[in-house]
Amino acid sequence: MGVIFLLYSCTEPDNSQVEDTELQFVDQKWELVRMTGSMVNSTTIGADMEWQEYYMFTPDGTFQKIRTRTGVISKATGSFEVTEYENDNEDYLELTYTEGLELIGNCSGNQKEVLIYRSATEFSNTWMTCDGPGLDYVLIED
């Protein structure tokens with residue numbers, strides 16, 4: 001199994017969580033486990049979610065996103081990189097889509113999607129910041 005180490009640091013000191021942090025990527029599957037809407041009590045899990053999906057990340061910096069909705073399977077691909085935003089202590093993955101653009105969940109309307117790490121085994125999308133659904137994923141251990 002291949003391993004890639006992504007190293008990065010801040011350009012200016014800001015006590016960031018990711019400064020001098022080494023993040024390791026191996027072949028990983030991250031599965032959607034929870035959807036949250038903007039209405040109170042609108043959280044769904046498992047088979048009750050509007051769709052099922054997962055990401056596959058590979059050591060070469062590429063990803064696949066597979067979504068199943070009402071029996072139809074859709075696929076997207078692209079590349080990813082770890083990124084950091086100024087004045088923010090969170091860790092992010094920025095995905096750039098090359099195909100399957102209809103699966104992008106973002107606020108900007110471009111070909112990028114941003115995921116935020118909650119822990120080493122959980123991340124969420126940032127789509128909810130502009131009234132999209134909140135989507136939470138967990139790392140699936142083989």
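Me: Is strand 11 largely enclosed or largely open, and how many of its seven residues are buried?
Reply: This is a predicted model. Strand 11 spans residues 134–140. It is largely enclosed by the rest of the structure, because the buried residues number five of the seven.

Me: Which residue stands opposite R34 in strand 11?
Reply: Strand 3 covers residues 28–36. Strand 3 and strand 11 pair in the antiparallel sense, over seven bridges. Within strand 11, the residue opposite R34 is D136.

Me: What is the bridge partner of F123 in strand 11?
Reply: Strand 10, residues 122–125, runs antiparallel to strand 11. Three bridges join the two. For F123, the partner in strand 11 is Y137.

Me: Which residues have the most contacts inside the largest nonpolar core?
Reply: This core has 22 residues. Elements giving it two or more residues include strand 3, strand 5 and strand 11. F57 touches W30, L93 and L95, among others. The residues with the most contacts inside the core are W30, Y55, F57, L93 and L95.

Me: How far apart in sequence are the parts that the pair C107 and C130 ties together?
Reply: The structure holds one disulfide. C107 and C130 form it, with sulfur atoms 2.1 Å apart. C107 lies in the loop between strand 8 and strand 9, and C130 in the loop between strand 10 and strand 11, so the tied parts are apart in sequence by 23 residues.

Me: Is the disulfide of C107 and C130 left-handed or right-handed?
Reply: Look at the torsion about the S-S bond. For C107 and C130 it is about -90°, so the disulfide is left-handed.

Definitions and conventions. Residues numbered from 1 in each chain as written. Predicted model: local features only at pLDDT ≥ 70, side-chain atom pairs only at ≥ 80, totals over all residues. Heavy atoms only, no water. Buried < 20%, exposed > 50% of the residue type's maximum accessible area, 1.4 Å probe, protein only. Helix = DSSP H or I, 4+ residues; strand = E, 2+ residues; numbered from the N terminus. Pairing = 2+ DSSP bridges. Core = buried A, V, L, I, M, F, W, Y, C linked by side-chain atoms within 4.5 Å. Contact = heavy atoms within 4.5 Å. Disulfide = S-S within 2.5 Å. Lists of a residue's contacts leave out its neighbours within four places in sequence.
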